[in-house]
Amino acid sequence: MILDNNKRNPSNIVSSEITPREVFENRRQFIKAAGFGLAAGALSTSFLAQAATVVGGETKGDGVLIGRANAKNQTTKATKLEKIPAYKKTNYGSDEKLTSYEDVTTYNNFYEFGTSKSDPAIHSTLFKPRPWSISIEGEVKKAKTISIEDLMKLAPLEERIYRMRCVEGWSMVIPWVGLPLASLVKWAEPTGNAKYIEFVTANDPKTMDGVRVPVLDWPYVEGLRMDEATHPLTLLAVGLYGEVLPNQNGAPVRLVVPWKYGFKGAKSIVKIRFVEKMPLTTWVKAGPSEYGFYANVNPLVEHPRWTQSSEKRIGAGLFAGRIKTKMFNGYDEVGQMYAGLDLRKNF
Ligand code: MTE
């Protein structure tokens with residue numbers, strides 16, 4: 001059930017002003033309750049039980065060791081990441097303070113590498129983001145594939161500083177490097193039947209221990225309506241802080257849709273399908289009453305179990321208060337795409 005501000009019971013409000021840790025644990029309980037439990041013979045039951053200790057988004061936990069005993073000793077930046085040689089600065093930006101590289105790359109959601117925030121940085125070291133290609137399928141003149149190198153040449157790379165608001169109630173400010181998704185859409189030559197795009201992401205049990213546990217229905221799938229996909233704000237990110245994407249942030253290419261909750265930002269994309277019908281996305285499949293297809297940041301449409309009216313900015317310090325969440329995460333120019341759409345029903 002989705003609550004709105006007018007219908008909220010005041011006694012609920014206080015208890016729902018929860019920290020990221022509690023939200024995170026709620027999400028894990030939700031996953032269990034939804035029946036995505038551990039399959040017989042799957043990895044240790046400690047996978048879910050030993051979640052990291054994440055205190056208000058400031059402290060990283062030990063993470064969950066998923067079958068690789070040495071992972072704990074690996075540093076988060078074991079390999080030096082390549083600088084992106086040329087990209088232009090743009091006016092897309094924010095006068096807000098950038099979230100530190102350390103926080104952006106060690107406080108992650110990437111369930112293919114584990115469900116605690118510190119897991120992706122620790123457990124993604126075997127993942128190989130190159131060579132890489134994306135298969136373009138469905139309602140296009142001709143199915144084709146594109147290598148990551150060619151993709152990076154489709155349009156001049158740009159730096160864009162975007163706010164990212166996670167559905168769990170925390171946010172960051174991240175300097176991405178990427179290109180408009182619109183340039184790939186143009187290159188793909190979709191037919192007139194293409195109304196939506198489905199993004200399918202990597203699902204490799206050899207290098208992604210998390211997919212051996214059925215916490216979600218793998219592969220992770222996301223989707224956008226065509227007008228959303230071709231909106232100038234929608235980015236295919238290939239880097240951050242001037243370097244290629246770290247594995248834990250979705251190397252080598254991920255989606256960034258800054259006016260939507262972070263879960264729309266599919267990481268490590270392997271397939272892009274142009275389709276006629278709204279794709280059934282992973283989180284909608286997992287919990288249709290909690291996670292919608294649109295997932296526009298909206299402080300007026302509460303998550304059934306916590307508030308969406310405010311957020312905690314990661315790295316702001318233990319004593320920083322929560323900040324008010326803005327409609328469309330402050331990217332008001334997207335509003336016209338939803339004229340006539342009931343955003344409470346289409347949450
Ligand atoms: N993409 C894949 N393939 N798997 C995931 O678990 N998590 C999503 C999104 N993309 C996720 C994913 C969620 S819930 C969020 S909030 C963002 O990635 C987090 O991106 P970040 O770790 O780079 O901050």
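1. Strand β5 (residues 170–180) contributes four residues to the lining of the largest cavity, the most of any element. Strands here are DSSP runs of E of at least two residues, helices are runs of H or I of at least four, and both are numbered from the N terminus. The model is a predicted one, in which local features need pLDDT of at least 70 and side-chain atom pairs count only at pLDDT 80 or more, while totals for chains, interfaces and linings use all residues. Residues are numbered from 1 along each chain as its sequence is written, and side-chain values use heavy atoms, with hydrogens and water left out.

2. Grid points are joined across faces, edges and corners, and a volume is the space filled by probe spheres set on the points. By this rule there are three cavities of 30 Å³ or more.

3. The largest cavity holds about 320 Å³ of space. Its lining has 24 residues, and Asn109, Phe110, Gly262, Phe263 and Lys267 lie nearest its centre. By class the lining has 14 nonpolar, six polar and four charged residues; Ala, Val, Leu, Ile, Met, Phe, Trp, Tyr, Cys and Pro count as nonpolar, Asp, Glu, Lys and Arg as charged, and the others, Gly among them, as polar.

4. The ligand sits in the largest cavity, meaning that more than half of its atoms lie within 2 Å of the cavity's grid points. Around the ligand are 17 residues, of which Asn108, Tyr111, Glu112, Gly265 and Lys267 come nearest; a residue is counted if one of its heavy atoms lies within 4 Å. This shell divides into seven nonpolar, six polar and four charged residues.

5. Several polar contacts (pairs of N or O atoms within 3.5 Å; within protein, one atom must be able to donate a hydrogen and the other to accept it, and residues adjacent in sequence count only if both atoms are side-chain atoms) can be listed. A backbone N or O atom of Tyr111 is 2.9 Å from a ligand oxygen atom. An N or O atom in the side chain of Glu112 lies 2.8 Å from a nitrogen atom of the ligand. A polar side-chain atom of Asn249 is 3.1 Å from an oxygen atom of the ligand. The ligand taken alone exposes 530 Å², and the protein buries 99% of that; accessible areas come from the Shrake-Rupley method with a 1.4 Å probe, and for residues only the protein chains shown count as cover.

6. The second largest cavity has about 160 Å³ of space. Of its 17 lining residues, Tyr261, Ala295, Asn296, Val301 and Phe347 are the closest to its centre. This lining divides into nine nonpolar, six polar and two charged residues.

7. The second largest pocket has a volume of about 180 Å³. Among the residues that line this pocket are Glu82, Arg130, Glu149 and Val244. Its lining has seven nonpolar, no polar and three charged residues.

8. Two cis peptide bonds deserve a look. One joins Trp218 and Pro219, with omega about -5°, and Pro219 is in the loop between β6 (196–201) and β7 (221–225). Another joins Ala251 and Pro252, with omega about -5°, and Pro252 is in the loop between β9 (243–244) and β10 (254–256).

Definitions and conventions:
On a 1 Å grid over the protein atoms alone, a cavity is a set of points where a 1.4 Å probe fits but cannot get out, and a pocket is an open set with protein on both sides within 12 Å along at least five of seven lines; lining residues have an atom within 4 Å of a point.
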